[in-house]
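Please look over the sequence and the model before reading on.

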Amino acid sequence: MTSSRGVWITLEGGDGSGKTTQSNLLSARLEASGRTVVHTREPGGSEVGQLIRNIVLHHRGDIAPRAEALLYAADRAHHVATVVRPALDRGDIVLQDRYLDSSVAYQGAGRVLDASEVRDLSLWAAEGALPDLTVLLDLDPAAARSRLDSADKPFDRLEAEKADFHGRVRDAYLALAEAEPDRFLVLDAAASPEAIADRIRARVEELIH
Ligand code: TYD
């Protein structure tokens, strides 16, 4: 984010693309090199956000699309204002699982809202804040599904969506990356975790040196 001293990195991708593995690896590596890392996520990166996360991921039954988009945007507004901006102002590295690109890809993929209105809502919520780097772990939804099936934990509300929904999420992500090639690093999530981690590390090193 321009005008702050820290570096803001977000990780994006479909469910089962390996974001958690990669963000844990990167966080550990940056900390080992002596950097202060704020490792956070959306939804749920603040106390208020935890409450919102519980609604959006675990509410049984439908949530109207506009209400859902507003809940994610509310989580984002509070998270950016109380966690992300203060950390960047201190000069920390903010490493964040999911940000506004998730809203554009997922809420846009529901077909009720279009990508530009979802993006505008998020930008309003976050006062225009955009990360320095967004890593997109791109994976075919069928491959992601078989990873999730073998993980042996119950699906949350969004993971249980149908395959064509996840295909639209993927397409939306790729379109976002194409529109902002300088912000995005797109990696093939089918590669080995070590190979992916190396690519991410190389790009992050360019940013922080
Ligand atoms: P989470 O358990 O954090 O999953 P993951 O490990 O895949 O990141 O669940 C987050 C879910 O919320 C995920 O299915 C994507 C969805 N989501 C949205 O639909 N819109 C958003 O703006 C965000 C941040 C997440």
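The paragraphs below treat the ligand and its surroundings, and then the salt bridges. The model is a predicted one.

A polar atom in the side chain of Arg98 is 2.7 Å from a ligand oxygen. In the side chain of Asp15, an N or O atom lies 2.8 Å from an oxygen atom of the ligand. For Arg53, the distance between a side-chain N or O atom and a ligand oxygen is 2.9 Å. The ligand on its own would expose 550 Å², and the protein buries 90% of that area.

The next topic is the salt bridges, of which the whole structure has 9. One of them is formed by the side chains of Glu42 and Arg76, with an N to O distance of 2.6 Å. Glu42 sits in the loop between β2 (37-41) and α2, while Arg76 belongs to helix α3, so that this pair links parts of the chain that are distant, 34 residues apart. Glu42 and Arg76 are both buried.

A second salt bridge to follow is that between the side chains of Arg119 and Glu180, at 3.3 Å from N to O. This pair also links distant parts of the chain: Arg119 is in helix α5 (residues 115-125), and Glu180 is in the loop between α7 (163-179) and β5 (184-188), 61 residues away.

Glu180 has a further partner, Arg183, and the side chains of these two meet in a salt bridge of 2.9 Å, N to O. Is Arg183 buried or exposed? Arg183 counts as buried because its relative accessible area is 5%, and the cut-off for buried is under 20%. Through shared partners, salt bridges join Asp101, Arg119, Glu180 and Arg183 into one network.

Note on methods
Residues are numbered from 1 along each chain as its sequence is written. This is a predicted model: local features need pLDDT of at least 70, side-chain atom pairs count only at pLDDT 80 or more; totals for chains, interfaces and linings use all residues. Side-chain values use heavy atoms; hydrogens and water are left out. A polar contact is a pair of N or O atoms within 3.5 Å; within protein, one must be able to donate a hydrogen and the other to accept it, and residues adjacent in sequence count only if both atoms are side-chain atoms. Accessible areas come from the Shrake-Rupley method with a 1.4 Å probe; for residues, only the protein chains shown count as cover. A salt bridge is a side-chain nitrogen of Lys or Arg within 4 Å of a carboxyl oxygen of Asp or Glu. Helices (H or I, at least four residues) and strands (E, at least two) are DSSP runs, numbered from the N terminus. Buried means under 20% relative accessible area, exposed over 50%, partly exposed in between (1.4 Å probe, protein chains only).
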